[in-house]
Amino acid sequence: MPLLTTDASNPLGTKIATETDGKSSTVNQIDDTAGIIYQVEGKNLNGANDVYLKVYAGISQAPTVGSTAPTHIYRISAGSSMSVSYPAGLSYTTGLFAAVVETSGGPEGSDDPSSAVTYSIRYTT
């Protein structure tokens, strides 16, 4: 399923970007302007392995997963979910991208997850 972005009236951000079928390390462009991230959530409920949500903030062109260093990496353990909130927000310039990989929490990981991963990012622009 393609990345879905919806408007929200919520104190944790006015937009929510949601990927509901993240089974590849393909990069999703979430935003192409400056903004603020308020919350990141991920679910790896059916996964047998840990996965890593890589967020690339403040870049204008799509990153190359496995060689472009992400600004933030979130581990989503096998069979579980995670949520991180930033009440003061994390500011970024230019753009926001995200991808999910299975092999490594470092910048070099680029393998596709073996099962679907869901993630969402609440942000404002």
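**View 1. Surface and confidence of the whole chain.** Accessible areas come from the Shrake-Rupley method with a 1.4 Å probe, and for residues only the protein chains shown count as cover. On that basis the protein chain has an accessible surface of about 5,900 Å². Carbon and sulfur atoms hold 48% of that surface. The model is predicted: local features need pLDDT of at least 70, side-chain atom pairs count only at pLDDT 80 or more, and totals for chains, interfaces and linings use all residues. Residues are numbered from 1 along each chain as its sequence is written, and side-chain values use heavy atoms, with hydrogens and water left out. pLDDT is the predictor's confidence in each residue, from 0 to 100. The protein chain averages 88, and 89% of the residues score at least 70. Confidence is lowest in strand β1 (residues 4-10), at a mean of 59. It is highest in strand β4 (residues 35-44), at 96. Where pLDDT is low, the predicted coordinates should not be read in detail.

**View 2. The open sheet.** The protein chain has 9 strands and 0 helices (DSSP runs numbered from the N terminus: strands, E, at least two residues; helices, H or I, at least four). Four strands form an open sheet in the order β3-β8-β5-β6, with antiparallel pairing. β3 (28-31) and β6 (72-76) stand at the edges with a single partner strand each, so one side of each lacks a neighbour in the sheet. The twist averages 25° from one strand to the next (axes are lines fitted to C-alpha atoms; angles run from 0 to 180 degrees between N-to-C directions).

**View 3. The β3-β8 pair.** β3 pairs with strand β8 (residues 96-101) in the antiparallel sense over 3 bridges; pairing takes at least two DSSP bridges. Asp-31 stands opposite Leu-96 in β8.

**View 4. Two nonpolar cores.** A nonpolar core is a set of buried Ala, Val, Leu, Ile, Met, Phe, Trp, Tyr and Cys residues joined through side-chain atoms within 4.5 Å. Buried means under 20% relative accessible area, exposed over 50%, partly exposed in between (1.4 Å probe, protein chains only). The largest core has 20 residues; Ile-30, Ile-37, Leu-53, Val-55, Tyr-74, Leu-96 and Ile-121 touch the most other members. A second, separate core of 6 residues includes Tyr-52, Phe-97, Ala-99 and Val-101.

**View 5. The surroundings of Ser-120.** Ser-120 is found in strand β9. Ser-120 is buried, with a relative accessible area of 10%. Leaving out residues up to four places away in sequence, Ser-120 touches Ile-16, Ala-17, Thr-18, Gln-39, Val-40 and Glu-41 (contact: heavy atoms within 4.5 Å). The C-alpha atoms of Ser-120 and Gln-39 are separated by 8.1 Å, with the two residues 81 apart along the chain.
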